[in-house]
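Subject: Structure handover

Hello,

Here is the structure you are taking over. Please open it before reading the notes below.

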Amino acid sequence: MHVTLLLADQCSAASATMAQEIFYAANLFSGQEKPLFELSQVSLDGLPVTASAGQQLMADCGIADIRQTDLIVIPGFLFSLQQAMPEFGRYRAWLTERYRQGATIATMCNATFLLAESGLADGMRVTTHWAFAGLFRRSFPQVRLDEQQMLCEDGQLISSGGATAVLDLLLHLIRRFASLELAQTCSRYLLIDNVRSVQSPYALWAAPKNHTDQDILKVQNWLDEHFAGALVIDELASRFGFGVRNFKRRFKEATGQAPLAYLQALRIEKAKQLIESTRMTIDSITLAVGYEDSNSFRRLFRQRVGLSPAAYRKQFQPKSRAESSAE
């Protein structure tokens, strides 16, 4: 099958190179004389492109030279999205024509923005790097974004989450267009974990404070210091001179979340910090962030983060020297 690696200006050189390496490995491990994946690297005009970190990426040809392809893979723009976005519209006609011919389009990280700019993702389910979810929703409200997912596949569109999700995407493509066995072989030889399902454990939550409601901002700042206390939303509204209905309405308008959901998100983020940075027991952390029932806290944590507190600690807390030596 023919694969087009679309190199856009300011794209990630690491993602582009990883795609080259993984498809090369798949061809090598397939054991077939003829490559399973025939890869063409293309740019808008066939000229080299400058990657986000300044590297020059060579193209085999321009997009106009690719009139038929089975799969289009688009590297992301992790640190250079704003510089790259003004050019995204120039790919619309070519992507639309290849899509109509039946090509599958796979995006890495926030290359979902380039796909959405083409209009092909309207009404479709996609994912992107969790840090760009807010900007994506504001820019493309007609697209169904699910940023918790590591991978989303909807018809001919496949999208992936941030950074290292590139590996998950590439293994998925090998599994889909070649075989599960070949994907597993690539995974073992290249020391890549099996395809992950969600990126929520990696997401950082930042309290939305870039709004203009100064009264609500006072409430948020107060919650930063008192989140662990016994809080009742009606009493919180009264403390700051709001009527309950008015408080809930203004809080959601300013932050995008209902007060209770905001408080839960704040407490979970504080809990994540304690799990990562301390040896406190989960029961102690439960109390420290304002919950009394550790079982309820565990269920809420898993629901929001995608891992249990214990699994989150195992994955994200640095090991001690003694633990590392024991392995």
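The notes below cover one histidine and then some salt bridges.

This is a predicted model, in which local features need pLDDT of at least 70, side-chain atom pairs count only at pLDDT 80 or more, and totals for chains, interfaces and linings use all residues. Residues are numbered from 1 along each chain as its sequence is written, and side-chain values use heavy atoms, with hydrogens and water left out.

His211 sits in the loop between helix 7 (180-189) and helix 8 (214-226). Helices (H or I, at least four residues) and strands (E, at least two) are DSSP runs, numbered from the N terminus. With a relative accessible area of 14%, His211 is buried; buried means under 20%, exposed over 50%, and partly exposed in between (1.4 Å probe, protein chains only). The side chain of His211 makes a polar contact of 2.6 Å with that of Gln220. Such a contact is a pair of N or O atoms within 3.5 Å; within protein, one must be able to donate a hydrogen and the other to accept it, and residues adjacent in sequence count only if both atoms are side-chain atoms.

There are 11 salt bridges in the structure, each a side-chain nitrogen of Lys or Arg within 4 Å of a carboxyl oxygen of Asp or Glu. One of them joins Glu269 and Lys272 at 3.4 Å, N to O. Both residues lie in helix 11 (residues 259-277), 3 residues apart, and both Glu269 and Lys272 are buried. Salt bridges also link Asp213, Asp215 and Arg250 in a network.

Regards
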